[in-house]
Amino acid sequence: MTALINHDCGVIIIQDTQITHIDLFTEKTTKNDLLAKARQKYAGAKENIPTPAQLHALRPKIPSNLLVERALAETIASIRNAVKKDVLVIQTIKAHDDLTKQINALAKRLREWYSFYLPELSRRHDDIGVFVEKLLTFDKEQLLTELHVSREVSMGADLAKVDVDPIKDLARTISSMKQLQDHYEKYIDELMQSACPNLLSLTGPILGAKLLEAAGDLHRLSNLPSSTIQTLGAEKALFKHLSGAASSPKHGLLLQHPMVQKAPFNKRGKMARFLANKIAIAVRVDYFGGNTYEGITLKDQLEKRL
Amino acid sequence: MIPILPGVFMDETKKGKRFYTKNLLPGKVVYGERLLRNPAGELREWDVFRSKLGAALAKGLKELGCNENNYVLYLGCASGTTVSHLSDIVGKKGVIFAVDISPRSLRDMVFLAQERKNIAPILADANHTETLSQKIVGVDLLVQDIAQRDQVRIFLKNFVLVKKGGLGLLSVKARSIKVGVAPKVVFAQVRKDLEAQVDVLQAIALDPFEKDHMLFVCRMR
């Protein structure tokens, strides 16, 4: 009884439980060459992967540096191939979140600093984007008119241009960070169009990317039960519930979805559950391959239910 | 400074016990650990807070099951903190088969392997013995540190790859197996499941270095 053992380091021939021949890799041979040669020479031999007993017997016969070399080569190739679109989506949404933190930190500083010049403007505009735009587009005269405040009443000092310019530079930095965020949102949308269009049509780019981030990758997200998808992001509440100290959480990241946010409080749990159910289906269609219209169909089903 | 195990040294100071291995690549630091000059050579400190085996040493591990020139199968190797010390111990002729499921973690391991040349990084699921079988040979020691619910089953499944008399070190986090159940109860069940097939030589609680973690030292019956 002849068996042909296929190992990453070479081809081993076993005859009647004894190792009779080993063909190890060298730089000049490829695995397919060795396999082809062996298949020819030992036609009709059964092909197997090594059993544990055979692995023990092979230990003295395969040099350690070959084991290391082959493992390295395979692993390097596997790591390269593991970079798929969902990896890029997740890095982008992480960058997006990092930017949000930095924008908020700089915005606080900008408001305080600028308010020595024209405090009424910061008070008038809650939204940092609008605040920055006004600050950069108009001069103090125009802003005072728009705010209906006269120069004498304003508590802002008359700073020279050389003192106002550094403040405006900070405002410009915030503005470009915000632009970068918008750019990233569009980029995520494009990535998800090709990687997971059904998830995208149900959740939109930002929430979809956050779900991917929470799951780790598209494959893991596709394996999750919808109950887990419903509570992704509410881990603290979930574990508190599991240890008996609280009732179950209704939603985690899904709270950010407009359908859940706009629902009345006593219907939010239901909405989150329906959404999670449809997302689970959509993600499975995306991962395993299927009709790209599923996402839209599922969304219609949801809206009808409302 | 005294040798306590093959390739492992201990120094007892006022600040407590510190553990070291002889640096395979003198001058190179792997994860920010301390380096020490010594008549035996250059020593690398084994950080007991970052490595579960290091924590076990601090809590009185009697046998590591690892000698010079040994082959080790390490399931769940992550970025290579513990593997680097095993690599020191087995030396130039030994091999550590470092298996992990995450490409991101393994990337750091590949850098380590390219320098040390006695580490074989493998991107695989520890559960897929078929895939693993094609990349390794029989080993002297099995170390497993995977956060999966069925990690005991996976451990026992892979124990056949260890030679007769070799050890298997299983690091268990109670919460990975069952959330909400008291750790003591979880560990008792783990021990029971292990003793069905192996002898448990030592069961070490890893606190205060790791919370609700235990290391089981096993030998096939």
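Q: How many bridges join β10(B) to strand β12 of chain B, and do the two run parallel or antiparallel?
A: In this predicted model, β10(B) and strand β12, which covers residues 213-220 of chain B, are joined by seven bridges and run antiparallel. One place to look along this pair is S171(B), which stands opposite L215(B) in β12(B).

Q: What is the order of the strands in the open sheet of chain B, and what kind of pairing does it have?
A: The open sheet has seven strands, and reading across it gives the order β8-β7-β6-β9-β10-β12-β11 in chain B, with mixed pairing. At its edges are β8 (119-123) and β11 (198-205) of chain B, each of which pairs on one side only. From one strand to the next, the twist averages 15 degrees.

Q: Which strands does helix α7 of chain B lie across, and at what angle does it run to β12(B)?
A: Helix α7, made of residues 183-195 of chain B, lies across β10, β11 and β12 of that chain, and its direction is at about 10 degrees to β12(B).

Q: How many cavities of 30 Å³ or more does the structure hold, and what is the volume of the largest cavity?
A: The general idea is that rolling a probe the size of a water molecule over the atoms shows where empty space is left. Here the structure holds two cavities of 30 Å³ or more, and the largest cavity has a volume of about 40 Å³.

Q: Which residues line the second largest cavity, and how do they divide by class?
A: The second largest cavity, with about 30 Å³ of space, is lined by N23(B), L25(B), K28(B), V30(B), L112(B), E115(B) and R116(B). These residues divide into three nonpolar, one polar and three charged.

Q: How many residues line the largest pocket, and which lie nearest its centre?
A: About 2000 Å³ of space lies in the largest pocket, which is lined by 43 residues, with A215(A), G216(A), D217(A), R220(A) and I101(B) nearest its centre. Elements of chain A and chain B each supply at least two residues of this lining, among them α10 (205-215) and α15 (268-288) of chain A and α3 (103-116) of chain B. The largest share, six residues, comes from α4(A). By class, the lining of the largest pocket divides into 20 nonpolar, nine polar and 14 charged residues.

Q: Which element gives the largest share of the lining of the second largest pocket?
A: That share, three residues, comes from β10(B), while β6 (71-75), α2 (81-90) and β7 (95-100) of chain B are among the other elements that give two or more. The second largest pocket has a volume of about 460 Å³ and is lined by 29 residues, of which K52(B), G76(B), A78(B), D145(B) and I146(B) lie nearest its centre. By class, the lining of the second largest pocket has 11 nonpolar, 11 polar and seven charged residues.

Terms used. Residues numbered from 1 in each chain as written. Chains lettered and ligands numbered in written order. Predicted model: local features only at pLDDT ≥ 70, side-chain atom pairs only at ≥ 80, totals over all residues. Heavy atoms only, no water. 1 Å grid on protein atoms, 1.4 Å probe; cavity = no way out; pocket = protein on both sides within 12 Å on 5 of 7 lines; lining within 4 Å. Points joined across faces, edges and corners; volume = space filled by probe spheres on them. Nonpolar A, V, L, I, M, F, W, Y, C, P; charged D, E, K, R; others polar. Helix = DSSP H or I, 4+ residues; strand = E, 2+ residues; numbered from the N terminus. Pairing = 2+ DSSP bridges. Axes fitted to C-alpha atoms, helices over the stretch in contact; angles between N-to-C directions. Contact = heavy atoms within 4.5 Å.
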